[in-house]
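Me: I am new to this one. Please show it, and then let me ask what the terms rest on.

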Amino acid sequence: MASGPGSSSRVVIRGNGSLNGNNQPLYVINGMPISNRPSTVLDQANGATTDLGDGISSINPDDIESISVLKGGAAAALYGSQAANGVILITTKKGSRQQKGIGIELNSNFTLGTINIFPEYQYEYGQGSQGVRPQSQGEAISTGRLSYGEPMDGQPSIQFDGVERPYSGVSIKDNIKAFYRNSTNIVNTVSFSGGNESVLYRVSASDLQSGAIVDGSTYDRQTANVNLKAFMSDKLSFDTQIQYNYEIGNNRPGVGYVGTNSAWGVYLLANTVDITDLAPGYNPETGQEVEWQHVNQATNPYFARDRMGNQDVKDRVIAQGSLTYDLLPNLFIKADFMRDFSSWREEDYYPVGTAFRPLGTYRSQEELRTRSNGRLIANYNTTFGNGINLTAMVGGNLERDILDVSNLIGSEYIIPEWISPVNLNILAPSKGFYRTGTNSVFSSLDFNFKETYYLSVTARQDQFSTLNPGNNKIFYPSIGGSMILSNAFDLPDVISFAKLRGSWAQVGSATVDAYAINQLYGFRLGGHLGVPVQTSSSAISNPELRPLTSTTTEIGFDAQFFDNRFGIDFTLYSKINQDDIVSTSIAPSSGATSTLLNVGEISNKGIELLLTGNPIRTSVFSWNVSYNFAYNKNRVLTLAPGQATGNSSLLGKDSSTRFGRSYEYSEDGIRVYNSLSGYAMLGPTMPLGIGVPPYTMGFENTFTYKNFSLNALIDAKFGNQFFSQAKQYMWRFGLLKETLPGRDNGLTVEGVDENGDAFSKDWPSSFMSTYYNNDGQYATNFMIDGSFVKLRSVVLNYNIPVEKLNFVNLTTAQISLVARNLAILYRNSDHFDPEQASDPNSNSQNFSGVMLPRTREIGFNLRIGF
Amino acid sequence: MRKILNLTNLFLNQYDIMKKYSNIYKIGLAMAVVVMTSCNDFTDSLSDLNKNPNAYEEVIPEFLFSNSMLDGVAFNFTNGADGQHFIFAQAMQQFSTHSEVRGTGDKYFNESAARSHWAVYNTALADNERVINVVKDDPNSINMLSAARIWKVYMFHIVTDVHGDVPYFEALKSSEGNLQPKYDTQEAIYEDMLNELEQAAAAFNPSLPTFGPSDLFYGGDTEKWKKLANSLMLRLSMRLTEVRPDVAEAWAKKAIAGGVIINDEDIAKVNYLDGQIADSRNPKAANLLVQDYQNPQAGVSNTQGGKYAETFIEHLKMTGDPRLNVISVVWIDNPDGDGYVYDTATNIQRGMKNGALFGEPEDFHTYSEPHPNTVLSYASPVLTMTNAETNLLLAEAAIRGWYTGSAKAAYEDAVRAGMRQWALFGDEGIISTEKIEAYIARNPFMVEGSFEEKLEQISTQKWVSLFLDNYEIFANWRRTDYPTLTPTNYPGNITGGTIPRRLIIPDTELNLNEDNFMEAYNRQGVGNLLTSTVWWDPKFPR
């Protein structure tokens with residue numbers, strides 16, 4: 001969660017398989033898929049980029065009974081193309097017949113987040129440019145984000161507002177703490193559950209109220225959930241769940257390039273300015289923004305926080321029902337239906353007085369989204385021969401997705417301070433309606449011989465609406481087998497259980513947006529002076545697109561030793577995605593900038609290891625320990641001809657590789673300079689690092705002593721880097737220690753010129769601001785190592801002995817202290833949290849903008865059942 | 001929270017009711033049936049789903065041609081927010097800024113904006129090519145084809161003028177599968193452009209259909225298109241005076257013989273409206289306003305720190321040019337009350353020095369900036385080819401001996417036309433005949449001057465008369481070296497204190513069309529920098 005509660009998350013199972021497609025897994029609730037499309041409002045031009053959460057961010061954790069992960073092809077038959085990136089299966093809590101009367105459970109959770117990491121700046125030279133402090137208010141504004149002035153001497157010096165203040169360092173830590181607050185998150189859930197012979201039910205209601213570290217930014221969510229299972233006869237049962245969500249986001253923090261992103265001002269303010277002097281950020285009489293520096297897109301952070309705004313409201317209903325009928329004792333048919341419907345309304349604005357949009361802007365977006373799945377299956381089970389058990393299943397599935405979007409974009413408020421689309425000089429509506437569908441048939445056969453030998457065979461065909469008839473179908477099979485060695489053979493006593501398994505599975509899919517195979521034209525709203533004007537797209541459509549396939553081969557074993565005290569689970573896998581549909585950039589001189597091609601081939605190969613232990617197991621004390629390790633090697637094997645060559649080609653490299661240009665070096669390794677300008681020449685484009693960490697691991701310990709339990713999770717990732725735009729700007733603006741050399745007496749650069757002749761240039765100290773600003777081009781300076789070891793979570797539980805509390809009728813009571821992101825035990829990243837990469841929707845994860853600081857969260861949880 | 005509890009109660013009540021009547025399975029079944037049947041998306045066939053109800057699948061040539069024209073006429077202002085306007089108008093010392101970030105042309109400092117013109121390929125040029133592909137095989141559409149061919153030359157000559165060797169013959173063919181077009185020499189491109197103009201102009205047939213009102217220049221008048229083709233031919237031919245004088249002479253004579261734009265009503269221009277459709281407001285005015293002068297009443301703290309340049313304002317004052325008072329204002333305190341008013345009085349106009357300032361000077365509000373009711377008027381036109389320019393081209397042809405008319409008469413007609421055209425920008429742009437004639441009397445054509453003196457006078461007049469047509473001013477300055485501009489030398493500038501002579505081809509070409517890009521890069525041997533030159537530039541290494 002990059003920007004606080006209710007924002008999007010990113011999960012990828014076994015590496016990115018597609019260059020442009022969504023690589024996140026399918027989320028399945030009680031057997032049926034939900035929509036997880038993120039709601040990110042991206043409006044780079046106006047600087048308003050806000051993360052409004054995704055589908056999974058609105059599921060209440062207190063309603064979840066269990067979560068399991070299907071990797072590889074295990075989900076191939078049932079979920080098909082939707083499951084090409086794996087499946088996260090969520091089972092929600094249900095009623096129980098064991099419950100006597102109505103079971104009531106209350107859960108309260110409170111956490112507080114504090115900023116835990118700060119950059120390190122230089123505090124030797126203060127605000128200014130060319131070695132001189134500001135001499136006037138105009139110069140103080142022009143150099144508002146430049147720390148290339150004189151040595152700090154504490155003397156009164158003019159600042160952006162015309163006020164003189166001491167020319168001495170203001171710690172960035174103090175500025176960050178002064179601008180941001182602690183985040184809060186409060187969740188209360190109540191549930192009622194019970195059951196009898198014919199009905200099981202669970203009803204819950206939940207309320208979440210949270211505040212981000214940015215003052216005034218809140219996200220509230222109310223959830224109601226009904227889960228009902230009815231046994232209507234001994235052959236017919238009905239299962240339904242309806243979840244209703246009501247979510248309100250207010251002033252969600254901007255996370256994009258400048259504009260609403262307050263972090264730009266907080267992090268990039270010159271090092272002798274106290275951020276609180278920028279408050280309130282506007283003139284209370286005129287509403288005009290008070291500018292702290294001269295690039296007015298980089299808004300005054302107080303103005304961004306308090307005067308710009310956004311609101312969003314989402315109503316979401318996830319309704320599912322299934323009917324199961326036993327035709328015969330060993331043959332049932334089951335009909336499933338799920339519709340995930342959401343209505344989402346978002347509005348954001350810049351008020352009159354915004355420095356770079358002085359007349360104000362307005363935008364609203366309304367989205368209606370549905371994902372509907374209907375599925376019918378027949379399942380037959382029999383035992384024959386000499387102990388062979390067979391389960392045969394055949395079924396069909398229809399999926400339909402609709403996204404219906406209406407936008408209003410306007411500007412120029414007529415009456416200031418009244419934010420409404422009816423109060424604008426310019427207003428333009430737009431409309432989008434996107435439908436996709438997939439029709440599928442599938443079957444599976446599962447054999448089981450004496451609960452020792454297992455064989456499973458599946459087959460499925462998907463047909464996609466987004467491709468042209470003729471190449472819109474794909475058939476794909478899978479086969480898997482396993483053997484329980486501990487049943488088949490007489491193994492030594494130390495081995496309590498041992499199993500070997502292997503599988504080969506294909507999944508087809510079509511990662512194409514609706515209508516992308518058609519070349520489409522629109523019209524300019526209102527034409528031009530009475531003449532209609534047609535518009536076009538700079539992408540060339542490709543009607544020949546066909547489905548892509550993902551093929552996973554894996555073998556593994558798991559074993560338990562010493563009476564299940566120690567266990568090992570090991571998997572070796574290879575996942576190859578072929579015919580990946582890649583949005584391929586093409587040279588604009590061809591008349592277009594991109595097209596879709598079935599050209600990508602990406603391989604993910606890796607190992608997964610899980611070690612578990614239960615070294616101490618007594619009635620009063622137990623210790624459980626587990627360690628998991630995964631390594632994934634991602635390689636791009638095939639690309640379009642135009643992209644398979646050249647310095648920035650991904651061919652043969654990890655698909656999350658970041659490219660950039662750095663210094664040019666001669667054959668002898670000497671830096672080459674442009675003799676005209678005296679700056680180092682830019683070298684060729686080259687790989688700078690990979691964004692997705694190949695090594696991940698986790699180490700978890702749980703200690704239980706009587707009514708206490710302590711759980712601690714350490715996790716670690718290694719081997720990734722990201723480009724930090726924040727560091728690039730900090731460097732360019734003279735905030736970093738790297739920009740100190742030469743400030744006192746100038747800097748001499750030496751190397752060779754374009755012709756290979758010796759070159760040197762003396763840069764006077766007054767040129768250091770332009771010299772280091774130019775460093776912004778050499779990307780290697782701004783790559784940050786993403787490796788870390790973190791104490792991810794610590795949870796201390798105390799189970800209150802309710803049986804001793806006779807005065808209340810409690811069945812359970814538990815109080816917990818909860819801490820997340822508690823400490824970074826190892827990092828190699830300067831200035832930032834190594835997990836700072838910004839956009840959860842980015843496959844490559846190799847870029848970070850100027851982001852909100854990350855937090856450490858500490859809180860408590862109370863659970864009472866009666 | 002109260003709402004949720006109510007909801008919960010509702011669900012619980014429902015449960016009680018169901019239990020009471022013990023027909024839960026009937027309700028359940030009914031629900032399932034209702035949900036399934038209400039969802040008629042399931043019954044539509046897959047291919048029906050993939051039709052976008054909000055888009056059209058065919059090119060309508062006239063409507064897309066309008067789009068190409070609207071995108072193309074002001075590309076340097078509209079593309080990349082402010083595009084190359086900052087580079088050219090500052091480098092040509094008509095505008096200046098105290099900003100570093102926007103100071104590419106002012107300080108030769110930041111080259112990031114110098115790459116954005118390339119996008120004309122995948123926008124205005126691509127649309128025009130789609131139009132050509134639809135009309136080219138239909139003999140009845142010959143007038144549309146000719147107009148589109150001439151318009152293509154107009155856009156392409158700018159691309160090659162700012163970038164040198166570029167893809168031309170193989171460009172714009174992505175729909176035919178060519179994703180990596182070869183680069184052509186500027187010489188070959190110029191030869192073909194001149195031929196295209198000649199052939200397209202000759203192919204017009206007034207009895208056949210035209211683009212009609214969708215032709216934003218001339219409403220389908222083929223005779224005017226012929227004059228535009230010849231005027232462009234004259235502009236292009238004159239570009240070659242330093243590198244191929246023989247070719248220049250032949251094409252200039254051909255253009256003049258064919259007939260160029262002489263009368264005001266033949267000016268190629270697109271009109272705009274000050275209305276609620278943002279795209280129909282003059283894009284040059286809109287971008288100057290939005291990017292810099294959006295709050296002119298304040299008169300201070302312009303967004304990009306922009307003002308008119310000292311060089312330009314001083315020239316207008318020194319020559320007593322009446323255009324000064326219709327394009328330039330200083331915002332002063334309102335003598336009758338609150339706020340500011342603009343003042344066009346000559347004596348208070350002053351330009352800001354180029355490349356001299358980082359940071360807003362204390363006297364920033366005392367410098368001149370664009371007139372709110374002419375240069376910044378949403379309702380003003382964009383002038384693409386004017387009789388002021390053609391007359392200056394004729395004057396130059398005359399002093400070269402390629403035109404039998406009088407250089408003096410052509411020059412004076414150019415001055416008159418260049419002043420009359422400001423009336424198109426609004427009533428406050430009207431310059432009286434007396435003022436025009438007084439200017440001519442004060443600055444007579446140097447009939448007795450040397451060739452160089454005459455060329456300087458003509459080119460300097462072009463610098464003033466084509467104000468806002470940044471591309472042409474920049475190209476003409478590179479060819480003639482007039483007006484004489486003193487480069488700035490800002491600390492840490494990237495050109496070694498020389499005025500930029502080219503724009504930069506963006507990295508997308510190096511990355512996606514590497515072999516062809518490198519072939520042209522190595523062939524020209526001038527790099528891909530602001531200081532690189534193009535073939536017709538006299539400074540191009542030969």
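**Domains and interfaces**

Reply: Chain B is assigned domain 1 (60-259 + 490-542) and domain 2 (278-370); such bounds come from an automatic or database domain assignment. This is a predicted model, where local features need pLDDT of at least 70, side-chain atom pairs count only at pLDDT 80 or more, and totals for chains, interfaces and linings use all residues. Residues are numbered from 1 along each chain as its sequence is written, chains are lettered from A and ligands numbered from 1 in the order written, and side-chain values use heavy atoms, leaving out hydrogens and water.

Me: How do you know that domain 1 of chain B and domain 2 of chain B are in contact?

Reply: Contact means heavy atoms within 4.5 Å. By that test, 21 residues of domain 1 of chain B are in contact with 26 residues of domain 2 of chain B. Their centres, over C-alpha atoms, are 30 Å apart.

Me: Why is the pair Asp507(B) and Arg661(A) called a salt bridge?

Reply: The term needs a side-chain nitrogen of Lys or Arg within 4 Å of a carboxyl oxygen of Asp or Glu. The closest N and O atoms of Asp507(B) and Arg661(A) are 3.4 Å apart. Chain A and chain B have four salt bridges between them. Between domain 1 of chain B and domain 2 of chain B the count is zero.

Me: What makes up the area buried between chain A and chain B?

Reply: Buried area is the accessible area (1.4 Å probe) that two parts lose on being put together, summed over both. Chain A and chain B bury about 8,500 Å², 62% of it on carbon and sulfur atoms.
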